[in-house]
Amino acid sequence: MSDLLKSGKEAVLPCYFELRGRKEMLIDGFESLVGYDEKKIRFICGGYLVKVQGNGLKLEFLNDGKAVLRGILDSFEFSGKGEKNCRE
């Protein structure tokens, strides 16, 4: 098993996400930033791709696996495990 922890049938990512309404998200514990523009930001977390989509997205803070994202947040999505999926 990778650094992904299993609890029954549910996977627990080694990241912490906090939504503050629709305009701010705090992320702690991600492995890398894959892509970033004002409509989409992608992170790797526990080998999974985490994608945030919206409008006017800005990384207000980015350091040591921590980030503060601001803008209008429309969606938050996890994609399948594996290097191929993470780089799409």
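## Strand pairing at S3 and S4

In this predicted model, strands S3 and S4 pair in the antiparallel sense, with five bridges between them. Within this pair, Leu19 has Met25 in S4 as its bridge partner. The hairpin that S3 and S4 form has three residues between the strands, and Gly21 takes a positive phi near 70° there.

S4 also pairs with S8, again in the antiparallel sense and over five bridges. Here Leu26 has Val68 in S8 as its bridge partner.

## The sheet as a whole

These pairings belong to an open sheet of six strands, arranged in the order S3-S4-S8-S7-S6-S5 with antiparallel pairing. Strand S3 (16-20) and strand S5 (32-36) stand at the edges; each has a single partner strand, so one side of each is left without a neighbour in the sheet. From one strand to the next, the twist averages 35°.

S7 and S8 pair in the antiparallel sense over twelve bridges.

## The loop between S7 and S8

Asp64 lies in the loop that joins strand S7 (48-63) to strand S8 (66-79). Its relative accessibility is 71%, and because exposed means over 50%, Asp64 counts as exposed.

The C-alpha atoms of Asp64 and Asp28 are 8.6 Å apart in space, while the two residues are 36 residues apart in sequence.

## The nonpolar core

The largest nonpolar core has 14 residues. Those with the most contacts inside this core are Met25, Phe30, Ile41, Phe43, Leu59, Leu69 and Leu73. Two or more residues of the core come from each of strand S4 (24-28), strand S6 (40-45), S7 and S8. S7 supplies the largest share, four residues. In soluble globular proteins, nonpolar side chains tend to be buried together.

## Surroundings of Met25

Met25 is one of the residues with the most contacts inside the core, and it is also the bridge partner of Leu19. Leaving aside residues up to four places away in sequence, Met25 touches Glu18, Leu19, Val52, Ala67, Val68, Leu69, Leu73 and Phe76. Among these contacts, Leu69 and Leu73 are themselves listed with the most contacts inside the core.

Conventions
Residues numbered from 1 in each chain as written. Predicted model: local features only at pLDDT ≥ 70, side-chain atom pairs only at ≥ 80, totals over all residues. Heavy atoms only, no water. Buried < 20%, exposed > 50% of the residue type's maximum accessible area, 1.4 Å probe, protein only. Core = buried A, V, L, I, M, F, W, Y, C linked by side-chain atoms within 4.5 Å. Contact = heavy atoms within 4.5 Å. Pairing = 2+ DSSP bridges. Axes fitted to C-alpha atoms, helices over the stretch in contact; angles between N-to-C directions.
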